Amino acid sequence: MTALPELDVPSVDMQASIGGVPVVSPVLTASGCSSFGRELDPFFDLEGIGAVVTKSVQLRPRSGRATPRMAETPSGMINSIGLQGPGIDGLLADELPWLAQRGAKAFVSIAGSRTEDFAELAQRLRGAPGVLGIEVNISCPNVESRGEVFACNPDASAEVLAAVRAVADPAHPVYAKLTPDVTDIVSVARACSDAGANGLSMINTLLGLVIDTDTMRPVLGGVTGGLSGPAIRPVALRCVWQVHQALPNVPILGMGGIRTGLDALQFVLAGAGAVSVGTAVFNDPSAPARIHAELAEALGERGFGRLADAIGYAHRRPEESPGRHGR
Amino acid sequence: MTEDGTPGGALPEGALTQEVPTSTGERLLPPVPGATRELLGEPAPPPLHPPVQGMAVVVGSRPVSAYVELTLEAPDIADTAQPGQFVAFAVGGPTSAMLLRRSIAIAGVGEGRFSVVVSARAAGSTWLASLRPGEEVDVVGPLGRPFPLPPEGTPALLVGGGYGAAALVGLGGLLRSRGHEVAAVVGAGDEARLCSVDDLAAVAAPFVVTTDDGSSGRRGRVTGPVAELVAGAGVVYACGPMPMLRAVADLATARRVPSWVAVEESMACGIGVCMTCVLPVVSADGRTRFSRSCVEGPVFAGDRVRFDDVGTLPADVVGADAMGPAHTPAVEGETP
């Protein structure tokens, strides 16, 4: 018996790159939405996605904030977790070895309140097993001094990224995670890139508020919180578009409300070389694997043989026709 | 695993009643202010089976006083579920604007089916309650840690509040099948909000119903009958609103009776990744952690939950010292 030719199966090359490091899929989890990956193991093959982006880790274990920590909003949610986590020691002792043994890649999100914290975390990750790279969370809205989110200031952002890049494992690409809550995201993106960031993760949550109309007080224990989910997708896409237009050679990990393969395709067309799936995991724990398959199908249907050929394709000049894409 | 699918082998024999070791001091409770007693319950062991996700077909829907009981065909879930576990439903269909899963205790299993009692309170639960036979719903389960079973011969007291009583039905039947004496107290605000009365009455004696307004059974809270019955119990199981769980756990602990409480905490995912459903719970090492109700619960040893501190950030919770001075809850006038 001979095998039938697989003419109808779209064979799109889905290999992607995170700061020059090849990954098997352009779909990653999103920081803060998949813990450290273990809980998703029953639902899909963690090896088959680009990487598990860990919950942001800090130097010390953190309890996180008091409850309530979340509220559902239209096509989204607002959260104020406060970076609950085991700290870098717990990450190195328990979480990274598990991911490495499982064959999954870890894109480690780090957070801190001082530049030196970030640098120390990057230093500690040198040589750790299974680490793909580092996402520098300079934009969490749920930190101590909300008025001092690094990513609201180009100079502060640049200082952190330069410090991290200087001490991080040379094999680890370093991405800056940016907030959309700024007037000019391109200036922050450029500052990070100039400071040595190998790529940009866009976007973190938007700062929001929900009030309980029964108690007539804010719902969240932390009062304000980060808005995520499909509600913020157009904002995220706009940020990716603007930054890719200004800095076409800077790799972008796009995120913000991605729920389907077509959502992911929008980010790729806007200039993202890879995407993170965050809040959608709460709705559908197998979403990263599903979105990978849907994105591959969508690319094939549009005549793309390689994911790489679709990156930034929406920026082409008006006279260029859609139709054949490829080398 | 025992033949009837219970976690009998997972719990050390006598784990619920043995005196906790003190020679090493491990089980003492220095972090809890004013607490020098030993804890009665170990943390509940994890479930035997990982959860699965899939589409379940609704095969039955019937109103049960103020609630709707849904029965769903889902052998992967029904065949591995243990009493105390729950399922998490996606609501509103694939394009729904409601992204968060609705977590509901499993009320019964059998023949590849499981049932849940839905309280239609807001848009998501109303959508669930309106599902008709033949329709499908995306469900993840079984989730959470089941009720640990007591040593052979231990008489059990079950206490259910509102629709929380549904979570005790499977447990009651299992305990009876294993030869335990089972007593039960079921309470609610009024008769319409009582739940699983017939199911629990069938397995429990004595069986007491209470309502706040006296519209059914004894007028008042469950705590009255519980205070009378706890002396004859070797273990207490409770599911219901947090104030009820706290009162029942306190009554049990005061009589040195171990208790297990299944909490109803707000969850976004149900599978352990969102970190929204945490409670301050004393861990095996005696330190308090913000523990996820979904994967470290929903069943906790009643004397390990720090009910007084729910909704606050106690200074002795692991990692609280890293939160900084600005992390007192709900700072007035805080600005981004």
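Predicted model: local features only at pLDDT ≥ 70, side-chain atom pairs only at ≥ 80, totals over all residues.
View 1. Residues are numbered from 1 along each chain as its sequence is written, and chains are lettered from A and ligands numbered from 1 in the order in which they are written. B:F300 lies in strand β16 (residues 299-301) of chain B; helices (H or I, at least four residues) and strands (E, at least two) are DSSP runs, numbered from the N terminus. With 25 other C-beta atoms within 10 Å, B:F300 is buried (20 or more such atoms within 10 Å of its own C-beta; exposed is 12 or fewer, partly exposed in between; C-beta atoms are placed from the backbone). A distance of 9.6 Å separates the C-alpha atoms of B:F300 and B:V282, which are 18 residues apart along the chain.

**View 2. The open sheet of chain B.** Seven strands with mixed pairing follow the order β11-β10-β9-β8-β12-β13-β16 in chain B; two strands pair if DSSP finds at least two bridges between them. Strands β8 (residues 156-161) and β9 (residues 182-188) of chain B run parallel and are joined by six bridges. B:A156 has B:V182 in β9(B) as its bridge partner.

**View 3. Helices packed on the sheet of chain B.** Helix α3 (residues 169-177) of chain B touches β8, β9 and β12 (235-239) of chain B, and its direction makes about 165° with that of β9(B). Axes are lines fitted to C-alpha atoms, for helices over the stretch in contact, and angles run from 0 to 180 degrees between N-to-C directions. Helix α6 (residues 242-254) of chain B also packs on the sheet, touching β8, β12 and β13 (259-262) of chain B, with its direction at about 175° to that of β13(B).

**View 4. The contact between chains A and B.** Chain A contributes 46 residues and chain B 41 residues to the contact. On the side of chain A that touches chain B, β5 (70-73), β6 (76-79) and α7 (280-283) of chain A each supply at least two residues.

Key. Contact = placed C-beta atoms within 7 Å.
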